[in-house]
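This briefing sets out the computed features of the structure shown below.

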Amino acid sequence: MSPHLAQIVFLIGVFGWGAIRIPHEIKNKRKNRIEVSQADRQERALLLISLTGLGILPIAYCLAPTLRRLLAFADLPFSPVIAWLGALVFVGALALFLATHRQLGRNWSQTLELREGHTLVTHGVYRLVRHPMYTAFFLWGLAQLLLLQNWVVGPAGLIGFGILYAFRVGREERMMHEAFGDEYAVYVTRTKRIIPFVH
């Protein structure tokens, strides 16, 4: 694999992400009324930080030769083996992302919201972790690090999404506790947040 092919693989992964996410977003907006929302200024800022690290910066890097030249000082010696590993990680991230959307169904929301008739999903990948979609985003960030071997662009996804995760997950879990009470409390005792049996 060459650096150029690694960039193409990354862009294909981003396209795949959109192909999974956009239909769910359209369907949910049409059919589901929001009952609880915490989509405040902080939430919007966190989404923008995450989008910049996982999307805007790496996509611009892949598509804009001028930006690649500006950031050439941070290039690492390219390793095809590491890039192929990144491609495999991205495939795993997409598979997990698809599974989370299918299993959440009408309960899915891009931000901190609960839908009318929202249910607590505890089957499928949700048996193993409470936030497998966050796991999928962290895998995307890892794939980006391995595919785009540059000290600025590579880790930007993990940093951007890591900031969102750090400031959002506690709020999300409090919202779920308020909505589902003891049912959620029991679920918390038997699952980890994003890594099965670890965290």
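**Largest pocket and overall architecture**

The largest pocket holds about 870 Å³ of space. The model is a predicted one, and its protein chain comprises six helices and two strands. Buried residues account for 46% of the 199 residues in the protein chain.

**Lining of the largest pocket**

- A total of 39 residues line the largest pocket, and those nearest its centre are Arg21, Ser109, Gln110, Met133 and Phe137.
- Two or more lining residues come from each of α1 (3-31), α2 (41-63), β2 (113-115), α5 (132-147) and α6 (156-190).
- The element that gives the most to this lining is α6, with eight residues.
- By residue class, the lining of the largest pocket consists of 24 nonpolar, ten polar and five charged residues.

**Fold and dimensions**

- In sequence order, the protein chain has the pattern α-β-α-α-α-β-α-α.
- The radius of gyration of the protein chain is 18 Å, close to the 16 Å given by the globule rule for 199 residues, so the chain is as compact as a globular protein of that length.
- The C-alpha trace of the protein chain spans about 55 × 35 × 25 Å along its principal axes.
- Among contacts in the protein chain with a separation of 6 or more, 81% are between residues 24 or more positions apart.
- The protein chain has an accessible surface of about 10400 Å², and carbon and sulfur atoms contribute 68% of this surface.

- Ser50 is located in helix α2.
- The relative accessible area of Ser50 is 7%, under the 20% limit, and therefore Ser50 counts as buried.
- Beyond its neighbours within four places in sequence, Ser50 makes contact with Gly55, Gly160, Phe161 and Leu164.
- Val89 belongs to helix α4, which covers residues 80-104.
- Val89 has a relative accessible area of 15% and is likewise classed as buried.
- When residues up to four places away in sequence are not counted, Val89 touches Leu139, Leu142, Ala143 and Leu146.
- Val89 and Gly53 are 36 residues apart along the chain, and their C-alpha atoms are separated by 17 Å.

**A buried loop residue**

- Is His118 buried or exposed? With a relative accessible area of 18%, His118 is buried, because buried means under 20%.
- His118 is situated in the loop between β2 and α5.
- Setting aside residues up to four places away in sequence, His118 touches Arg106, Asn107, Glu113 and Phe180.

- Lys27 is part of helix α1.
- The relative accessible area of Lys27 is 46%, which makes this residue partly exposed.
- Arg68 lies in helix α3, which is formed by residues 65-70.
- Arg68 counts as partly exposed at 23% relative accessibility.
- Arg68 touches Gln7, Tyr61, Cys62 and Leu63, with residues up to four places away in sequence not counted.
- Arg68 and Val153 are 85 residues apart in sequence, and their C-alpha atoms are 9.6 Å apart in space.

- Where does Phe197 lie? Phe197 is found in the segment after α6.
- Phe197 has a relative accessible area of 75%, and it therefore counts as exposed, for which the limit is over 50%.
- Although Phe197 is not a glycine, its phi is positive, at about 65 degrees.

Definitions and conventions
Residues are numbered from 1 along each chain as its sequence is written. This is a predicted model: local features need pLDDT of at least 70, side-chain atom pairs count only at pLDDT 80 or more; totals for chains, interfaces and linings use all residues. Side-chain values use heavy atoms; hydrogens and water are left out. On a 1 Å grid over the protein atoms alone, a cavity is a set of points where a 1.4 Å probe fits but cannot get out, and a pocket is an open set with protein on both sides within 12 Å along at least five of seven lines; lining residues have an atom within 4 Å of a point. Grid points are joined across faces, edges and corners, and a volume is the space filled by probe spheres set on the points. Helices (H or I, at least four residues) and strands (E, at least two) are DSSP runs, numbered from the N terminus. Ala, Val, Leu, Ile, Met, Phe, Trp, Tyr, Cys and Pro count as nonpolar, Asp, Glu, Lys and Arg as charged, and the others, Gly among them, as polar. The radius of gyration is taken over C-alpha atoms; the globule rule is 2.2 Å times the number of residues to the power 0.38. Buried means under 20% relative accessible area, exposed over 50%, partly exposed in between (1.4 Å probe, protein chains only). Contact means heavy atoms within 4.5 Å. Accessible areas come from the Shrake-Rupley method with a 1.4 Å probe; for residues, only the protein chains shown count as cover.
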